[in-house]
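Below is a short note for a colleague who has not looked at this structure before. The points move from the strands to the core, then to the charged pairs and the surface.

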Amino acid sequence: MRLDGAKTHPQLLLFYEHQGYQRVGELIFNSDIWIDAFVFEKVLTPANEIQELNRRK
C-alpha cells in the first residue's frame, strides 16, 4: 500500500512510521496550493497467507 503525508504534519508522519510504513520518496509540488509530502509504502500480507499462518499456530 502506498500513501503520502504532508511534510507539515510531523505527528502524522510518525504515526505512519509506527504503523510499519517506510518512507520511500517525496512529492515536491512547487505550488501555493499543494503541500510537499513524503511518500510511504507498506507491503500487505494477503488474507489467505494470514489464515494459513493462524492455522499453523
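1. Two strands are said to pair here if DSSP finds at least two bridges between them. The model is predicted. On that criterion, β2 and β3 are paired, running antiparallel with 5 bridges. β1 and β3 are also antiparallel, and 5 bridges join them.

2. Val39 shows how β3 is placed in these two pairings. This residue of β3 is the bridge partner of Asp4, and Val39 is also the bridge partner of Gly25. The strand is largely enclosed by the rest of the structure, because 4 of the 5 residues of β3 are buried.

3. Which residues make up the largest nonpolar core? There are 6 of them: Leu3, Leu13, Tyr16, Tyr21, Phe38 and Phe40. At least two residues of this core come from α1, and at least two from β3. In soluble globular proteins, nonpolar side chains tend to be buried together.

4. Leu3 belongs to strand β1 and has a relative accessible area of 18%, so it counts as buried, the cut-off being under 20%. Leaving out residues up to four places away in sequence, Leu3 touches Tyr16, Tyr21, Phe38, Val39 and Phe40. The C-alpha atoms of Leu3 and Lys42 are 8.9 Å apart, although 39 residues separate the two along the chain.

5. Tyr21 is another member of the core. With residues up to four places away in sequence again left out, its contacts are Met1, Leu3, Tyr16, Phe40, Glu41 and Lys42.

6. How many salt bridges does the structure hold? There are 3. One of them joins Glu41 to Arg2, with 2.1 Å between the closest N and O atoms. Glu41 is in strand β3 and Arg2 in strand β1 (residues 2-6), so this pair ties together parts that lie 39 residues apart in sequence. Is Arg2 buried or exposed? Arg2 is exposed, because its relative accessible area is 61%, whereas Glu41 is partly exposed at 28%.

7. A salt bridge also forms between the side chains of Lys7 and Glu26, at 2.4 Å from N to O. This pair links distant parts of the chain, 19 residues apart: Lys7 is in the loop between β1 and α1 (10-18), and Glu26 is in strand β2. Both count as partly exposed, Lys7 with a relative accessible area of 29% and Glu26 with 47%.

8. Arg23 and Glu17 form a salt bridge as well, their closest N and O atoms lying 3.0 Å apart. Arg23 has a relative accessible area of 42%, which means that it is partly exposed. Glu17 is likewise partly exposed, at 31%.

9. Phe29 lies in the loop between β2 (22-27) and β3 (37-41). Its relative accessibility is 34%, so Phe29 counts as partly exposed.

Definitions and conventions: Residues numbered from 1 in each chain as written. Predicted model: local features only at pLDDT ≥ 70, side-chain atom pairs only at ≥ 80, totals over all residues. Heavy atoms only, no water. Buried < 20%, exposed > 50% of the residue type's maximum accessible area, 1.4 Å probe, protein only. Salt bridge = Lys/Arg side-chain N within 4 Å of Asp/Glu carboxyl O. Core = buried A, V, L, I, M, F, W, Y, C linked by side-chain atoms within 4.5 Å. Contact = heavy atoms within 4.5 Å.
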